[in-house]
Amino acid sequence: MLDIKLVRQDPEAVAEALKKRGFDFDVAQFRAVDARRKAADVDSQNLLAERKSAAKKIGQLVAQGVAVDEAKAQVNETLEKIAARLESLTAEARDAQGALEALLLAVPNIPDEQVPPGASEEDNVEVARWGEPPAFDFPARDHVALGEGLGQLDGETAGRITGSRFTVMYGELARLHRALTQFMLDLHTTEHGYREIYVPYIVNAESLRGTGQLPKFEEDLFRLRAEQEYYLIPTAEVPVTNVARDRIFEASELGDAGLRFACHSPCFRSEAGSYGKDTRGMIRQHQCEKVELVQLVPPEQSDAALEALTGHAERVLQLLRLPYRKVILCAGDLGFSARRTYDLEVWLPGQEAYREISSCSNFGDYQARRMQARWRNPATGKPELIHTINGSGLAVGRTLVAVLENYQQADGSVRVPEVLQARMGGLSTLGG
């Protein structure tokens with residue numbers, strides 16, 4: 001959520017900044033709702049003062065010769081009228097405040113100054129490439145053909161069990177998926193200083209509001225039951241970041257590098273609006289797995305934390321020797337809560353294209369304000385909002401896809417990346 005003080009100070013400047021990401025902030029609407037809230041608050045305060053003053057009139061009336069019982073009756077009649085008006089005004093103030101909060105909850109984050117202009121992913125800017133796409137002397141297969149050829153990837157059975165956009169894996173392929181997960185977790189916890197965390201896969205609505213999925217993206221979520229505000233997590237970002245909700249961290253708890261969490265979890269997404277896109281295979285599914293990286297840091301460490309976290313995700317690709325490119329998202333392609341984002345896109349020979357495998361974002365204090373996640377600044381002794389940073393390190397299913405396609409051989413077998421072979425019991429080839 002944006003800082004209400006900032007919005008009030010210069011709503012036109014906020015509207016201009018949000019135009020960069022294609023969002024139309026209605027300044028007139030904001031001013032009207034805010035004025036309604038202020039008026040209700042002022043009227044309520046005036047009535048409270050009037051009630052306090054009225055309560056003192058009994059003595060004044062008695063001093064003027066009015067009988068005590070009559071004086072009490074007059075004052076009580078006034079107090080009852082004030083109470084009725086106050087109840088109405090309190091409700092109005094509450095409704096006005098709710099309308100203001102609802103308005104601000106629907107407003108995305110302001111893009112960082114470093115974010116390039118643009119309207120869509122076509123305007124994203126490449127900042128680096130690593131590795132060379134493999135040159136095969138045979139027609140490259142995609143991961144579905146490879147997995148089915150090995151007899152280890154089965155969409156048809158998953159369709160009978162559940163429906164479309166689900167997958168069953170068997171044998172070596174299932175083990176490779178597990179090996180990738182363990183490899184990522186071990187790398188981030190032993191080399192990059194993240195603390196492994198296990199979290200619920202079901203969260204309440206308040207947690208989703210805290211990270212920005214609600215109210216705007218409810219159609220993308222799986223809600224469990226109408227009478228309960230419980231949802232399956234779309235990403236571990238939600239429960240892990242909400243570890244900080246309604247907390248004040250001491251500087252000693254954050255340490256020199258802030259708090260770093262690494263979490264493996266399933267992710268559940270309805271993929272609303274994506275019908276017809278990537279329906280083949282494991283690129284866009286209702287259920288997938290990721291190793292998520294989350295950092296909670298003081299504001300002055302925010303930019304450095306994004307660079308570090310992105311580098312940690314890149315390290316996974318480098319050790320797996322998977323070609324990729326790094327792009328900075330333009331304003332129009334930014335996620336709702338992000339102020340700056342790097343996407344890592346891995347090369348997929350089966351599609352002859354780079355595809356997203358990790359999205360690493362700095363949210364500034366946007367999520368923290370929603371969650372009231374704070375730290376105590378030792379320089380002032382006062383609580384201040386922390387900054388939140390997160391990204392995939394990596395999406396496990398898409399990494400599996402990339403390994404299958406980049407390590408494929410002419411006979412349909414797939415080499416196992418060297419760094420994974422020990423986790424595969426020494427196996428060097430799938431289907432070899």
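Guide: R165 sits in the loop between helix 7 (155-161) and strand 3 (168-169); helices (H or I, at least four residues) and strands (E, at least two) are DSSP runs, numbered from the N terminus. This is a predicted model, in which local features need pLDDT of at least 70, side-chain atom pairs count only at pLDDT 80 or more, and totals for chains, interfaces and linings use all residues. Residues are numbered from 1 along each chain as its sequence is written, and side-chain values use heavy atoms, with hydrogens and water left out.

Most residues other than glycine have a negative phi, and most peptide bonds are trans. R165, not a glycine, has a positive phi near 65°. With 9% relative accessibility, R165 counts as buried (under 20% relative accessible area; exposed is over 50%, partly exposed in between, with a 1.4 Å probe and protein chains only). Q372 is not a glycine either, and its phi is positive, about 55°. Q372 belongs to the loop between helix 13 (366-371) and strand 14 (373-377). Its relative accessible area is 33%, so Q372 is partly exposed.

Two peptide bonds also call for comment. The bond from L214 to P215 is cis, with omega near 10°, and P215 lies in the loop between helix 9 (205-211) and strand 6 (222-225). G393 and L394 are likewise joined by a cis peptide bond, with omega about 15°; here L394 is in strand 16 (residues 387-395).
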